[in-house]
Amino acid sequence: NAGTEADVYISVYGERGDTGSRQLLRSQKPNKFLKGQTDIFAVEAVHLGHLYKIVIGHNGLGSGNGWFLDKVVIKDPITDLDYTFLCHRWLDQGQDDGNIARELTVTDASTFPGRQELELKREETWAAEKWKFQEGNTLQFYNSLTHGFICLSPDSRVDALGDKKNKYGKVFFMWMYA
């Protein structure tokens, strides 16, 4: 349910002005804005110079209108530069913060390519995995070479033998390979 059937709009901002709100109508794909799909659109506009932000959103209409947007890449045909705008969030009234439009600033790839994208992935991974480190949980690591366990208890004790019978309690198994 990460795609949308709603009408999607974009405004592109550069040092020489903006495009105004433009509906993204004709993708190179037969069905646009599907989960896991990359859509390509041609947007005609005067040359805006160096781009610095976009505003992208949808009208919230249609069944399944919520949309998870990973990123937008704009290719300037005059300068042959690519401008990347990372989102990695929902545009959905029922998800995330409830916004159906986002203002995104250009990613500065000159400092470290992919840095913001890596940071977003790190935050997403931590949000999904932090339950394992909540108070009271015991972590149990399994080493496939020794076929042994190491338990890290909430009281900071380390048990190198582990409790193989306690796999259904508040235990998380991490398979460690050497």
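1. The strands E5 and E6 pair in the antiparallel sense over 8 bridges; two strands pair if DSSP finds at least two bridges between them. Together E5 and E6 form a hairpin with 6 residues between them, and in the turn Asp-80 has a positive phi of about 65°.

2. Before going further, a word on the model and its numbering: this is a predicted model, in which local features need pLDDT of at least 70 and side-chain atom pairs count only at pLDDT 80 or more, while totals for chains, interfaces and linings use all residues. Residues are numbered from 1 along each chain as its sequence is written, and side-chain values use heavy atoms, with hydrogens and water left out.

3. For the overall layout, the protein chain has 1 helix and 11 strands. Along the sequence they follow the pattern β-β-β-β-β-β-β-α-β-β-β-β. Helices (H or I, at least four residues) and strands (E, at least two) are DSSP runs, numbered from the N terminus. Of the 178 residues of the chain, 30% count as buried; buried means under 20% relative accessible area, exposed over 50%, and partly exposed in between, with a 1.4 Å probe and protein chains only.

4. Next, the largest pocket, which holds about 1100 Å³ of space. On a 1 Å grid over the protein atoms alone, a pocket is an open set of points where a 1.4 Å probe fits, with protein on both sides within 12 Å along at least five of seven lines, and lining residues have an atom within 4 Å of a point. Grid points are joined across faces, edges and corners, and the volume is the space filled by probe spheres set on the points. The lining of the largest pocket has 35 residues, of which Asp-39, Phe-41, Val-72, Val-73 and Ile-74 are the closest to its centre.

5. Which elements give two or more residues to that lining? They are strand E1 (8–14), strand E4 (51–58) and strand E5 (67–75). The largest share, 9 residues, comes from E5. By type, the lining residues divide into 23 nonpolar, 6 polar and 6 charged. Here Ala, Val, Leu, Ile, Met, Phe, Trp, Tyr, Cys and Pro count as nonpolar, Asp, Glu, Lys and Arg as charged, and the others, Gly among them, as polar.

6. The structure also holds 2 aromatic pairs. Rings of Phe, Tyr and Trp (its six-membered ring) pair if their centres lie within 6.5 Å; planes under 30 degrees apart count as stacked, over 60 as edge-to-face and the rest as tilted. Tyr-13 and Tyr-52 make a tilted pair, because their ring centres are 6.5 Å apart and their planes stand at 50°. Tyr-13 lies in strand E1 and Tyr-52 in strand E4, so this pair ties together parts that are 39 residues apart in sequence. Tyr-13 is partly exposed at 21% relative accessible area, and Tyr-52 is partly exposed at 42%.

7. Phe-68 and Trp-90 form an edge-to-face pair, 5.5 Å centre to centre with 75° between the planes. Phe-68 lies in strand E5 and Trp-90 in strand E6 (residues 82–91), so the parts they tie together are 22 residues apart in sequence.

8. Finally, back to strand E4, where Gly-57 is found. Gly-57 counts as buried because its relative accessibility is 7%. Its C-alpha atom is separated by 9.4 Å from that of Ala-6, 51 residues apart along the chain.
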